[in-house]
Amino acid sequence: MAPAESHRAALSFPSSNGKTGLIAVSSTSRLTCPSSCPLAGDQGCYAEAGFHTRLHWDRLSRGQVGANAAAFIRQVAALPAGVMFRHCVAGDQWPDPADPLRIDQALLLRLAKATRHLRAAWSYTHFPMAPANQATLRLAATKGLVVNASTESRSTAAALVRQGIPAVCVVPPDAPAVFRHEGVRFVACPASRSGRKVQCISCGGRFGLPLCAQAERGFVVTFPAHGARAAAAAAHCS
Ligand code: SF4
């Protein structure tokens, strides 16, 4: 069966993104974004707010750049050993053709397998954390690709971490860098903290793994709402 147009993805290595550093990054078509994402469109989506990211995403979503899923996975498998890979800077996981709110498990696991030679591989998702999607995330993590559940609710994020699902949470711009909520520790992305010169490539220290690539980290990574749509994103925080 021909890959769905929503399965288009684009790989970039090394990235020119100042927040990530010289790692491999990718985006998936806007058509992958599930209806469960509360930030979609003008509701605070980071990718929509960034001028260059949005232009690239528009072209990818129109099919003008990028590759279908099979070709994209081959490109990831051909990345040099030991590099880091951040999947879905824009876009989300590939949806199951039979259910738009379920991650395509088989395809994600093929991608995860293609990342095994990399030092770290991680991503994010706004798909609902129903049992099937949780199971897919757990399986992907065992193969080396850590997909973080993206949330805007501290209680939801804390509950996911207690269940062993890596979670990230958008918080208001004035939230403390480190705090506890319902017994779970929340730690701000170091790249978001003023005065720090951390990028994804240096996150976690010289011998550690970037925070978002740590599958069993036991704490939530927070992203203070920022940029042109900070107010819209912050309005979803609870
Ligand atoms: S916590 Fe680390 S890995 Fe995650 S986005 Fe921030 S700098 Fe990158």
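For the classes used in this talk, Ala, Val, Leu, Ile, Met, Phe, Trp, Tyr, Cys and Pro count as nonpolar, Asp, Glu, Lys and Arg as charged, and the others, Gly among them, as polar. Good morning, colleagues. The structure under discussion is a predicted model, in which local features need pLDDT of at least 70 and side-chain atom pairs count only at pLDDT 80 or more, while totals for chains, interfaces and linings use all residues. Residues are numbered from 1 along each chain as its sequence is written, and side-chain values use heavy atoms, with hydrogens and water left out.

I begin with the ligand. The shell around the ligand divides into 12 nonpolar, 1 polar and 1 charged residues. A residue is taken as near a molecule if one of its heavy atoms lies within 4 Å of it. Which of the 14 residues around the ligand come nearest? They are Arg86, Cys189, Cys200, Cys203 and Cys212. Strand 6 (120-125) and strand 11 (219-224) each supply at least two residues of this shell. Here helices (H or I, at least four residues) and strands (E, at least two) are DSSP runs, numbered from the N terminus.

One of those cysteines, Cys212, is also touched by asparagine 148. Asparagine 148 has its place in strand 7 (residues 145-151) and counts as buried, because its relative accessibility is 0%. Buried means under 20% relative accessible area, exposed over 50%, and partly exposed in between, with a 1.4 Å probe and protein chains only. Leaving aside residues up to four places away in sequence, asparagine 148 touches Trp122, Ser123, Tyr124, Thr125, Pro166, Ala167, Val168, Cys212 and Arg217, where contact means heavy atoms within 4.5 Å.

In helix 3 (residues 69-77), the buried residues are Ala69, Ala71, Phe72, Ile73 and Val76. They pack against strand 1 (9-12), strand 2 (24-28), strand 3 (84-86) and helix 4 (105-114). As background, an α-helix has 3.6 residues a turn, so residues three or four places apart point the same way. Helix 4 has Leu107, Leu108, Leu109, Leu111, Ala112 and Ala114 as its buried residues. The elements covering them include helix 3, strand 3, strand 5 (99-103), helix 5 (131-142) and strand 7.

What caps the N-terminal end of helix 3? Asparagine 68 does, with a side-chain oxygen 3.2 Å from the backbone nitrogen of alanine 70. At the start of helix 4, a side-chain oxygen of aspartate 104 reaches to within 3.4 Å of the backbone nitrogen of alanine 106. The criterion for such a polar contact is a pair of N or O atoms within 3.5 Å; within protein, one must be able to donate a hydrogen and the other to accept it, and residues adjacent in sequence count only if both atoms are side-chain atoms.

Next, the second largest pocket, whose volume is about 350 Å³. Its lining comprises 15 residues, of which Asn17, Val25, Thr53, His56 and Val89 lie nearest its centre. Strand 1, strand 2 and helix 2 (51-61) are the elements that give two or more residues to this lining. By class, the lining holds 5 nonpolar, 10 polar and no charged residues. On a 1 Å grid over the protein atoms alone, a pocket is an open set of points where a 1.4 Å probe fits, with protein on both sides within 12 Å along at least five of seven lines; lining residues have an atom within 4 Å of a point. Grid points are joined across faces, edges and corners, and the volume is the space filled by probe spheres set on the points.

Helix 2 also contains arginine 54, which is partly exposed at a relative accessible area of 26%. Arginine 54 touches Arg30, Ala47 and Glu48, not counting residues up to four places away in sequence. Its C-alpha atom is separated by 9.9 Å from that of arginine 30, 24 residues apart along the chain.

Finally, some backbone details. A cis peptide bond, with omega about -5°, joins phenylalanine 13 and proline 14; proline 14 is in the loop between strand 1 and strand 2. Cysteine 88, although not a glycine, has a positive phi of about 70°. This cysteine 88 lies in the loop between strand 3 and strand 4 (95-96) and is buried, with a relative accessible area of 5%. Glutamate 182, likewise not a glycine, has a positive phi of about 50°. Its place is the loop between strand 9 (178-181) and strand 10 (184-188). Is glutamate 182 buried or partly exposed? Glutamate 182 is partly exposed, at a relative accessible area of 45%. Thank you.
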